[in-house]
Amino acid sequence: MRLPAWMQRRRFATGLAIAGLSLVTLAMTKAAEQHNWLTALEPTQEAAEKSAEQPAPAPPEPCPAPATPDPLLGPRTKEPGSWVGRSPVQTNLPIVVMAGHADSQGTASSGTPGYAVDQQKRPPMQPGIRDELFWNRAVQAAVVSQGQARGLNIRSYTPPSISIPDDDDPATNWSQAKVFSERGEYVLEIHFDAYRPHGFGSGLIPVLANVRELNLVDESLAQAFGRFPRNFRGGLGGPRRGIGILEIAMLEPPLETKLRDPSTREQTVNCLAERVVSALVQGVS
Ligand SMILES: [Zn+2]
């Protein structure tokens, strides 16, 4: 059957267009090939010296994406809460990051020694303090520096001594948190949970009902890390004074191994901090 004249014209036009496109693509590919070939043949003197002096650093591995089970954090808390944080917050919400157990070394609440020290009899990361405080401090520092780089109104608080016997001393995390929280600042204390079977897993233990309503930052952290019941263990001292306790993860392998290995330490701490900071940024946006 013969096609009507208009259909023939259209077929011809389409054929032309395809042929034209192929020619353009071919020309572009040729040009690119030639360009690469030229640069490969003629490196500048400067570039040659540079590559001889310092080999290109390997690009940092991307942080493991959140998943269930989570390749970075391990399990979320085995005892989850059901609260939802709904109160809006200001974009410039002041955020204060504390290291858990920073003022209670040598007391009954000095933090977990971790699996490596307790079960494998490895030396502590730093003599005189529990490994939990060592890692709490490392994550605290990374969260504050990454948070500032991402535009958060964030700072740290560090007590003047690692052992302050009186909880009500004005310099303790608890006393400072009460002051900060009462003036509307968001106080987050970094913790690692005990290893299994003692630990619960990662998650946020939010402030108690006497402090304030739960807000979008609480919600965002809970979505990233998991949520403990609001009245966990009958209400802890920190949450009673305006501290949100963030259990990053249980201090056990494989995370603890990656933290202790000097070749993976910095990257691991940075990835943990990135989870916290991303949640904070999302919470205030
Ligand atoms: Zn702790």
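## Helix α6 against helix α9

Helix α6 (residues 216–225) and helix α9 (residues 265–284) pack at an angle of about 145°, with their axes 8 Å apart; here axes are lines fitted to C-alpha atoms, for helices over the stretch in contact, and angles run from 0 to 180 degrees between N-to-C directions. Helices (H or I, at least four residues) and strands (E, at least two) are DSSP runs, numbered from the N terminus. The crossing of α6 with α9 is right-handed, a crossing being left-handed if the near helix is turned anticlockwise from the far one by less than a right angle, and right-handed if clockwise.

This is a predicted model, in which local features need pLDDT of at least 70 and side-chain atom pairs count only at pLDDT 80 or more, while totals for chains, interfaces and linings use all residues. Residues are numbered from 1 along each chain as its sequence is written.

On the α6 side, L216, V217, E219, S220, L221 and A224 meet R275, A279, L280, Q282, G283 and V284 of α9, where two residues are in contact if their C-beta atoms, placed from the backbone, lie within 7 Å. Sorted by class, this contact of α6 with α9 has seven nonpolar, three polar and two charged residues; Ala, Val, Leu, Ile, Met, Phe, Trp, Tyr, Cys and Pro count as nonpolar, Asp, Glu, Lys and Arg as charged, and the others, Gly among them, as polar.

## How α6 is enclosed

Because eight of the 10 residues of α6 are buried, this helix is largely enclosed by the rest of the structure. A residue is buried if 20 or more other C-beta atoms lie within 10 Å of its own, exposed if 12 or fewer, and partly exposed in between, with C-beta atoms placed from the backbone. The buried residues of α6 are V217, D218, E219, S220, L221, A222, A224 and F225, and what covers them includes β3, β4, β5 and α9. After α6 comes G226, which has a positive phi near 105°.

Q282 belongs to helix α9 and is partly exposed, with 15 other C-beta atoms within 10 Å. Although Q282 and E219 are 63 residues apart along the chain, their C-alpha atoms are separated by 9.8 Å.

## Helix α4 against helix α9

Helix α9 also packs with helix α4 (residues 131–149), at an angle of about 50° and with the two axes 8 Å apart. That angle makes α4 oblique to α9, since angles under 35 degrees count as roughly parallel, over 145 as roughly antiparallel, 65 to 115 as roughly perpendicular and the rest as oblique. The crossing of α4 and α9 is right-handed.

In this pairing, A138, V139, A142, V143, Q146 and G147 of α4 meet V269, N270, L272, A273, E274, V276, V277 and L280 of α9. The contact of α4 with α9 has 10 nonpolar, three polar and one charged residues.

## The buried side of α5

In helix α5 (residues 173–182), the residues N173, W174, Q176, A177 and F180 are buried. They cover an arc of only 160° around the axis, which puts them on the same side of α5; the arc is that of the directions from the helix axis to the C-beta atoms. The buried residues of α5 pack against β1 (95–99), β3 (186–193), α7 (237–240) and β5 (243–250). Just after α5, G184 takes a positive phi of about 90°.

## Backbone details in the loops

K121, although it is not a glycine, has a positive phi of about 55°; K121 lies in the loop between α3 (114–120) and α4, and counts as exposed with 7 C-beta neighbours inside 10 Å. R233 is likewise not a glycine and has a positive phi of about 55°. R233 is found in the loop between α6 and α7, where it counts as exposed with 10 C-beta neighbours inside 10 Å.

## The chain as a whole

The chain holds nine helices and five strands, which follow the pattern α-α-β-α-α-β-α-β-β-α-α-β-α-α along the sequence. Of its 285 residues, 36% count as buried. Among the contacts in the chain with a separation of 6 or more, 79% are between residues 24 or more positions apart.
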